[in-house]
Amino acid sequence: MSTVADPALAAGLDHFRTLQARQQPVWPDREALAAVAERLEQAAPLVVPAEADLLRDRLAAAGRGEAFLLQGGDCAETFADANATRIRNKIRTILQMAVILTHGASTPVVKMGRLAGQYAKPRSSDDEERDGVTLPAYRGDMVNGFDFTPESRVPNPERLEQAYRISAATANVVRAFTKGGFADLRQVHEWNRGFMRNPAYARYEATAEEIDRAIRFMHACGADFDALRTVEFFLSHEALILDYERALTRHDQRTGRAYDTSAHFLWIGERTRQLDGAHVDLLSRVANPIGVKLGPTTTPADALALVERLNPDNVPGRLTFITRMGAARVRDVLPTLVEAVTWSGASVTWVTDPMHGNTITSASGYKTRRFTDVLDEVAGFFEVHRSLGTVPGGLHMELTGDDVTEVLGGSEEISDEGLALRYETLVDPRLNHQQSLEMAFQVAKMLRD
Ligand SMILES: O=C[C@H](O)[C@H](O)COP(=O)(O)O
Ligand SMILES: C=C(OP(=O)(O)O)C(=O)O
């Protein structure tokens, strides 16, 4: 693997620079940006192409219903929270959910974090106003600071390099936790039993008991539990800041293709998926498995054009559509998209993001979501696929392993007044640890049904 020295390949990869790139920071110091990009171009990759290829195979399986994707993590990672405890809590939550979903789906669960690179956010407005003062909006720690001061809000390219370093450290911790004994199936199941001790979750006891019996059965059959001490865990983030993604793109001598080595899986957001835009162009030229978020205004023609542009060879697992329609729209809007893509013969893995179409402002002024709406969108996603005979391939969630209070409801009934207790997210609300497990139990039931 090397930086992209082949002039023709490099020229193609740089074509995005001639196109409109939405949601990019206005870097005041272009020379500093160029210097950072040059250093990142020489830096070690965060992931290797062979792992991205493996993930493509796993996503192809999810597209055929032979696996199920669980992709989750923060809305916006922060440099301050990239410590071992917070990372461990997120991994633990995803592993716990995965065990519950594996039981429900009776297929392997592909585990993927919004982790080690989810440091940039598209925003609805370029500015933020507080008490009559207007400053540039916070765009994620990769770009500027959250503090509401003119100095902190200036986009600083040094942050790209900081994001790279912190992502490398995070990826290292992720590998340690998922390849060491921490991921042991028996331990993960013990954590789930701990969750059941709270009377609020008594209604999930029967499922937990079934999983318990299945594990005892495996044990009795002589299953090699030591082989289950490690798990595959993939990294993903939104490919938003193109200078960062381009600088981490490498030429893979093995395949002759370019890979974005900032993560195994990159997705294009709802706000940057224009067919003639820079994001689609750059990601069309890398060989990683990629995703595109599709909101409620997506037309079948949009979806088909994206398929043609991003997966012209119709490679299974290359393209995932992550639909985020909102609970109120999913049953109306999703069927026509799935039908059109299915009729075209295109190979697409369908995943639901039940978070981004269900954002509301609570009476007390917090940006939040209702647990019931999130669940309802997942239910709608399953209903649509079941009625069309197509495959619901996975779940994309904003969640954290900590005990935050950002999403309304769940069995612990977080109320509007309760949001203020531990509302920590810098952009969008996440399910907390308990809500995430509860969601997994509910989705497992949908998978089983
Ligand atoms: O995570 C998604 C978007 O970045 C986020 O919803 C934008 O939030 P805003 O509408 O507050 O800018
Ligand atoms: C910005 C995001 O989502 P969307 O593009 O669907 O709004 C996100 O997932 O962080």
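**Figure 1. Classes of the residues in the shell around ligand 2 in the predicted model.** The shell consists of eight charged, three polar and two nonpolar residues (nonpolar: Ala, Val, Leu, Ile, Met, Phe, Trp, Tyr, Cys and Pro; charged: Asp, Glu, Lys and Arg; polar: the others, Gly among them). Of the 13 residues that surround ligand 2, the closest are R114, K121, E270, K293 and R324 (a residue is near a molecule if one of its heavy atoms lies within 4 Å of it). This is a predicted model in which local features need pLDDT of at least 70 and side-chain atom pairs count only at pLDDT 80 or more, while totals for chains, interfaces and linings use all residues. Residues are numbered from 1 along each chain as its sequence is written, chains are lettered from A and ligands numbered from 1 in the order in which they are written, and side-chain values use heavy atoms, with hydrogens and water left out.

**Figure 2. Polar contacts of ligand 2.** Oxygen atoms of ligand 2 lie 2.6 Å from a side-chain N or O atom of K121, 2.9 Å from a backbone N or O atom of E270 and 2.6 Å from a polar side-chain atom of R324 (polar contact: a pair of N or O atoms within 3.5 Å). Of the 290 Å² that ligand 2 exposes when taken alone, the protein buries 98% (Shrake-Rupley method, 1.4 Å probe).

**Figure 3. Surroundings of ligand 1.** Residues around ligand 1 include C75, R123, H356 and K367; by class, the shell has five charged, three nonpolar and two polar residues. An oxygen atom of ligand 1 is 2.6 Å from a polar backbone atom of P122, and one is 2.8 Å from a side-chain N or O atom of D428. The protein covers 83% of the 340 Å² of accessible area that ligand 1 has on its own.

Notes: A polar contact is a pair of N or O atoms within 3.5 Å; within protein, one must be able to donate a hydrogen and the other to accept it, and residues adjacent in sequence count only if both atoms are side-chain atoms.
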